[in-house]
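Subject: Structure for you to look at, with notes

Dear colleague,

I am passing on a structure for you to look through, and below it you will find my notes on what turned up. Please keep the two side by side as you read.

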Amino acid sequence: MTEIKRLRLKFVFYHMLTVTLVIAVSMLIGITVLGQRISQERDEVLARAAAGENAAQIFAVTSYVRIPYFALTVDDEGEVVLMEGSYNSFPEEDFLERLAELGTSAVSEEGILPDYQLRYLRLMTPAGYVLAFADTSYEDSVRTNLTRNLLLIGGGMWIGLLVMSWFFARWAVRPVEESVRKQKEFVADASHELKTPLTVIHANAELIAGQAGGISADIDKWLKNMNQECSQMRHLIDELLLLARSEKSAGAILKETVDLSELAMETELEFESVFFQNSREIDCEIEENITVRGDREQLHSLIKILLDNAVKYSAPGSQTRLTLESSGRRRVCLSVTTPGTPLSRQECRDVFRRFYRAEGTRQTKEGCGLGLAIAAEIAHSHHARIEAAGVGDPGGEGRNVFQVTFRR
């Protein structure tokens, strides 16, 4: 059932959207909090190194320092002395002097030396400058590893929750699916049961009309009304049964190669007399040798519904155009164009709903509003897209186009 599949997909979509937001916010919070802790630890290391409070760590038996650092002093004469550090080995004196020159000449008291992956802190003392340096590669490495691990964990959780959501969606919509199935079975069964007594009523009404016809004008009028109502009710029941069969066979239709060009031409010839009797015209432009995979009988019904709809809702003297053409290598477009008042965007969506009748047509047009709903069901069962479009200003002259796009 198409509506159940859509409901299930909506359930999964909104659930996974919520899960994605929660995972993304959690990852952002985790990265932000850890980044702040690393920055706080780095600032403490720099401050302690510059103040000489980490000196004891050099002689400690075991002292694990996560952020590598070292400190220099630069006296008034420019002599550079290494105070302390957590590195196992230190670079040559020329390198230290270069760092000292960069640190003392910098405008800010603290900053980053990107070419050396070092962050510095400069303090002024009576004896000169104290420069503390901390390695930034540790921060970068931690952030990179954390981001990668969180992405892997979050991605695994997302995939796992997607699978769980799909199974939970099937379980959640099962009562709705069962209710819809029973409702459709009831409609089909009720339509089938009503068909026989309605046929009897119609037959008896015709017999009475043959026996009692002409006795009085009132009796003739009552019998005529009875026959009209019986005909309309029988048409409604036939459409309900057709809709039920279309829904039941959706996904299990007979797959055969159908010459859609030939089928469209045959249907157009069938309706030429119908259009003529209703003071209307029909023209066609059908590309030859177009084939699709599907059920010939259902495709025939689809084209008949579109042409019957054109007869009912076109103005006398107007011309309807049936077009069949290829659209690229993999698509086929079947369209019925009818002059008339253009449908609004909302009406173009609503016309495919069951029992929908546009304003102004409920009392003036025959039918019960099931034809296009049946056409939509047939199109969906053939994995085709059906749509309506009103061309022109609503309320003015224009045309309406009903188009079905098939895949080859």
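Predicted model: local features only at pLDDT ≥ 70, side-chain atom pairs only at ≥ 80, totals over all residues.

**Strands**

Helices and strands here are DSSP runs, numbered from the N terminus, with at least four residues (H or I) for a helix and at least two (E) for a strand. Strand β6 (residues 256–259) pairs with β8 in the antiparallel sense, over four bridges; two strands are said to pair if DSSP finds at least two bridges between them. Strand β8 itself (residues 291–294) has a covered face, made of Val 292 and Gly 294, and an uncovered one, made of Thr 291 and Arg 293. In a regular strand, the side chains alternate between the two faces of the sheet.

**Nonpolar cores**

A nonpolar core is a set of buried Ala, Val, Leu, Ile, Met, Phe, Trp, Tyr and Cys residues joined through side-chain atoms within 4.5 Å. Buried means under 20% relative accessible area, exposed means over 50%, and partly exposed lies in between (1.4 Å probe, protein chains only). The largest such core has 43 residues, and those with the most contacts inside it are Leu 260 and Phe 406. Helix α8 (residues 296–313) supplies the largest share of this core, namely eight residues. Leaving aside residues up to four places away in sequence, Phe 406 touches several others, including Leu 260, Val 292, Leu 299 and Ala 384, where a contact means heavy atoms within 4.5 Å. Apart from this core lies another, of 12 residues, among them Val 74, Val 80, Leu 118 and Phe 133.

Thr 136 sits in the loop between β5 (128–135) and α4 (137–172). With a relative accessible area of 10%, Thr 136 is buried, and, again not counting residues up to four places away in sequence, Thr 136 touches Gln 117, Leu 118 and Arg 119.

**Aromatic rings**

The structure holds five aromatic pairs. Rings of Phe, Tyr and Trp (its six-membered ring) pair if their centres lie within 6.5 Å, and planes under 30 degrees apart count as stacked, over 60 as edge-to-face and the rest as tilted. One of the pairs joins Phe 95 and Tyr 116 edge-to-face, at 5.6 Å centre to centre and with 65 degrees between the planes. Phe 95 lies in helix α3 (residues 93–105) and Tyr 116 in the loop between β3 (110–113) and β4 (118–125), so this pair ties together parts that are 21 residues apart in sequence. Phe 95 is partly exposed, at 31% relative accessible area, and Tyr 116 also counts as partly exposed, at 30%.

Another pair is formed by Phe 352 and Phe 402, whose ring centres are 6.4 Å apart and whose planes stand at 80 degrees, so the pair is edge-to-face. Phe 352 lies in the loop between α9 (345–350) and α10 (371–381) and Phe 402 in strand β12 (residues 399–407), so parts 50 residues apart in sequence are tied together. Both Phe 352 and Phe 402 are buried.

**Salt bridges**

Side chains of opposite charge can pair when their charged atoms come close. A search of the whole structure finds eight salt bridges, each being a side-chain nitrogen of Lys or Arg within 4 Å of a carboxyl oxygen of Asp or Glu. In one of them Arg 321 meets Asp 283 at 2.6 Å, N to O. This pair links distant parts of the chain, with Arg 321 in strand β9 (residues 319–327) and Asp 283 in strand β7 (residues 281–286), 38 residues apart. Asp 283, Glu 285 and Arg 321 are linked in a network of salt bridges.

Asp 308 forms a salt bridge with Lys 312, the closest N and O atoms being 3.2 Å apart. These two residues are four apart in helix α8, and are therefore separated by about one helical turn.

With best wishes

Conventions. Residues numbered from 1 in each chain as written. Heavy atoms only, no water.
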